[in-house]
Amino acid sequence: MAGWFNKLKNGLKKSSDKLTDSVTQVFTHKKLDDQTLDSLEEVLITADLGVSVASQIVDQLRDERFGKEISNDEILTFLAQKISEILDPVAHKLKIDTTKKPYVVLMVGVNGSGKTTTVAKMAKQWTDEGLKVSIAACDTFRAAAVEQLEVWGRRLDVPVFKKELGADAAGLAYESYDKARKNQDDVLLIDTAGRLQNNTDLMNELVKIVRVLRKHDADLPHACLLVLDATVGQNAHSQVETFSKMVDVTGLILTKLDGTAKGGVVVSLADKFKLPIHAIGVGESAEDLQPFTAKDFAKGLVLKNE
Ligand SMILES: Nc1nc2c(ncn2[C@@H]2O[C@H](COP(=O)(O)OP(=O)(O)OP(=O)(O)O)[C@@H](O)[C@H]2O)c(=O)[nH]1
Ligand SMILES: [Mg+2]
């Protein structure tokens, strides 16, 4: 766990440096006055925490400490605490109901957000935990996506269901469920093609995948995870809105937190949508996908040293 915290901390370095450096510039042995609070609010908005979170935090700080001296460390500790409180209600590891056989997890998101990589990482982690996993390679647009999953499938000894390029993704999802059920698999992970929010055809295809899966069972998919690339910052909000209109998004996965100064977006997403955040990615290898924990993330985002 200590190893993971360091990895998280290193991954969040860009976000954390940006935030702590700006906070430090605002608070240098100053009494907490209106001007300082305004500057802090601006810093938090610039760090992608969003207007609502920024004003909540500043209001609470005003209530508790207005007119008093406050040190840089105190302010950072206060921030970490408040951020942790906002994140805590949404930090849930995805719980697989192993009575389902298979528990169906549908992965959705815009192009390049990290769906296929995340499918591979989750397949590895669940296989390591002793679960029987299979994968439906329903991105039938890109041969590379299928190949990427087949490499993992061979490595993990996990079946990868596929069809020819250009095949109907919904049909493949439907048949994959049948196969996974016959195999008595614990989990069926369904990868899908990337689709931009404004691509109506592709968005409709996603709706079709869900509709066709539900011919098996109205509860399907058991989880629909929206994979968001944290480097897009506030654009992630419109991705949640658009995808939620088309399918019942049950949870979020945030990737590429290692390559961005926009890690604060996780806090604004948690505050606005209250959707569970199941895991975060801070790198490309399997162990770089980890359950999301509020306290660790808040500390990683705000505090320079443990
Ligand atoms: N640094 C970093 N890179 C990541 C992370 N997750 C995914 N990537 C990289 O992001 C790129 C895109 O990942 P994919 O998994 O192919 O994304 P996708 O959503 O399947 O893309 P499409 O199928 O084209 O929509 C790859 O180069 C991944 O290695 C992460 O947490 N950190
Ligand atoms: Mg993909």
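**View 1. The residues around ligand 1.** In this predicted model, 22 residues surround ligand 1, and the closest are G114, T116, T117, G194 and G281. Here a residue is near a molecule if its C-beta atom, placed from the backbone, lies within 6 Å of it. Helix α6 (residues 115-128) gives the largest share of this shell, with three residues; helices (H or I, at least four residues) and strands (E, at least two) are DSSP runs, numbered from the N terminus. Sorted by class, the shell holds four nonpolar, twelve polar and six charged residues. For these classes, Ala, Val, Leu, Ile, Met, Phe, Trp, Tyr, Cys and Pro count as nonpolar, Asp, Glu, Lys and Arg as charged, and the others, Gly among them, as polar.

As a guide to all the views, residues are numbered from 1 along each chain as its sequence is written, while chains are lettered from A and ligands numbered from 1 in the order in which they are written. Since this is a predicted model, local features need pLDDT of at least 70, side-chain atom pairs count only at pLDDT 80 or more, and totals for chains, interfaces and linings use all residues.

View 2. Take a look at K115, which is found in helix α6. K115 is buried because 25 other C-beta atoms lie within 10 Å (buried is 20 or more other C-beta atoms within 10 Å of a residue's own, exposed 12 or fewer, and partly exposed in between, with C-beta atoms placed from the backbone). Leaving aside residues up to four places away in sequence, K115 touches M107, G109, D191, T192, G194 and V227; two residues are in contact if their C-beta atoms, placed from the backbone, lie within 7 Å.

**View 3. Helix α4 against helix α5.** The axes of α4 (residues 51-65) and α5 (residues 72-87) come within 11 Å and cross at roughly 130 degrees, which makes α4 oblique to α5. Axes are lines fitted to C-alpha atoms, for helices over the stretch in contact, and angles run from 0 to 180 degrees between N-to-C directions. Angles under 35 degrees count as roughly parallel, over 145 as roughly antiparallel, 65 to 115 as roughly perpendicular and the rest as oblique. At the contact, V53, I57, Q60 and L61 of α4 meet F78, L79, K82 and I86 of α5. By class, that makes six nonpolar, one polar and one charged residues.

**View 4. Two cis peptide bonds.** K101 and P102 are joined by a cis peptide bond with omega of about 5 degrees, and P102 lies in the loop between α5 and β3 (103-108). K101 also has a positive phi of about 45 degrees although it is not a glycine, and K101 is partly exposed, with 15 other C-beta atoms within 10 Å. Another cis peptide bond joins L220 and P221, where omega is about -15 degrees. P221 sits in the loop between α9 (200-213) and β7 (223-229).

View 5. K256, in the loop between β8 (251-255) and α11 (265-273), has a positive phi of about 60 degrees although it is not a glycine. K256 counts as buried, with 23 C-beta neighbours inside 10 Å. Within α11, V265, V266, V267, S268, L269 and A270 are buried. The buried residues of α11 pack against α4, α5, α10 (235-246), β8, β9 (277-281) and α12 (294-302). After α11 comes K274, with a positive phi near 55 degrees.
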